[in-house]
Amino acid sequence: MRVIKFGGTSLSGKEQLSNALAVVEKAADEGPVVVVTSALAGITNLLIDLVETEGQALAPTLESAQEEIRDRHLDLHTSLGPVRDRFHREVQALLEDLR
């Protein structure tokens, strides 16, 4: 079994995501693969800022942080083009499994 981890910048856009997918597909040809991913680039810093500045006037609000996270993921999702429907179905299935 092979474990492959991708950092946030490896998943920051369509081209990077395609490159990561190619790495996973190649590894899968050789045997079982486990994929571990970080948050998208910038998301971890956003969450840290939210926690560290809680209660301060300039702190990002939880709502604005949620919007930023949602928008960043939706932008990436939209950029996937023809594969986005398959991607969406697979993510939905995984989310259902978590219930």
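Student: Is Glu-30 buried, partly exposed or exposed?

Tutor: Glu-30 has a relative accessible area of 59%, so Glu-30 is exposed. Keep in mind that this is a predicted model, in which local features need pLDDT of at least 70 and side-chain atom pairs count only at pLDDT 80 or more, while totals for chains, interfaces and linings use all residues. Residues are numbered from 1 along each chain as its sequence is written, and side-chain values use heavy atoms, with hydrogens and water left out.

Student: Which residues are linked with Glu-30 in a network of salt bridges?

Tutor: The network links Arg-2, Lys-26 and Glu-30. The side chains of Lys-26 and Glu-30 meet at 3.8 Å, N to O. An α-helix has 3.6 residues a turn, so residues three or four places apart point the same way. Lys-26 and Glu-30 are 4 residues apart in helix α1, and therefore they are separated by about one helical turn. Lys-26 is exposed, with a relative accessible area of 56%.

Student: How many salt bridges does the structure hold?

Tutor: The structure holds 3 salt bridges. One of them joins Arg-70 to Asp-71, whose closest N and O atoms are 3.1 Å apart. Arg-70 is partly exposed, at 45% relative accessible area, and Asp-71 is partly exposed too, at 34%.

Student: What are the elements of the protein, and in which order do they run?

Tutor: Helices (H or I, at least four residues) and strands (E, at least two) are DSSP runs, numbered from the N terminus. This protein has 4 helices and 2 strands, and from the N terminus on they run β-α-β-α-α-α.

Student: How does the length of α1 agree with what a helix should span?

Tutor: The expected span of a helix is 1.5 Å times one less than its number of residues. The 17 residues of α1 should span 24 Å, and its end C-alpha atoms are 25 Å apart, which agrees. The buried residues of α1 are Ala-20, Val-24 and Ala-27. They lie on the same side of α1 because they cover an arc of only 65 degrees around the axis, the arc being that of the directions from the helix axis to the C-beta atoms. On the other side of α1, Glu-15, Lys-26 and Asp-29 are exposed.

Student: Which residues of α3 are buried, and which are exposed on the other side?

Tutor: In α3, the buried residues include Ala-65, Leu-76 and His-77. They cover an arc of only 105 degrees around the axis, which puts them on the same side of α3. On the other side of α3, Glu-63, Asp-75 and Thr-78 are exposed. Helix α3 (residues 62-79) has 18 residues and reaches 26 Å from its first C-alpha to its last, close to the 26 Å expected at 1.5 Å a residue. Just after α3, Gly-81 takes a positive phi of about 60 degrees.

Student: Which element has the lowest mean pLDDT, and which the highest?

Tutor: pLDDT is the predictor's confidence in each residue, from 0 to 100. Among the elements, helix α4 (residues 84-98) has the lowest mean pLDDT (72), and strand β1 (residues 2-6) has the highest (93). For the protein, the mean pLDDT is 81, and 89% of its residues reach 70 or more.

Key. Buried < 20%, exposed > 50% of the residue type's maximum accessible area, 1.4 Å probe, protein only. Salt bridge = Lys/Arg side-chain N within 4 Å of Asp/Glu carboxyl O.
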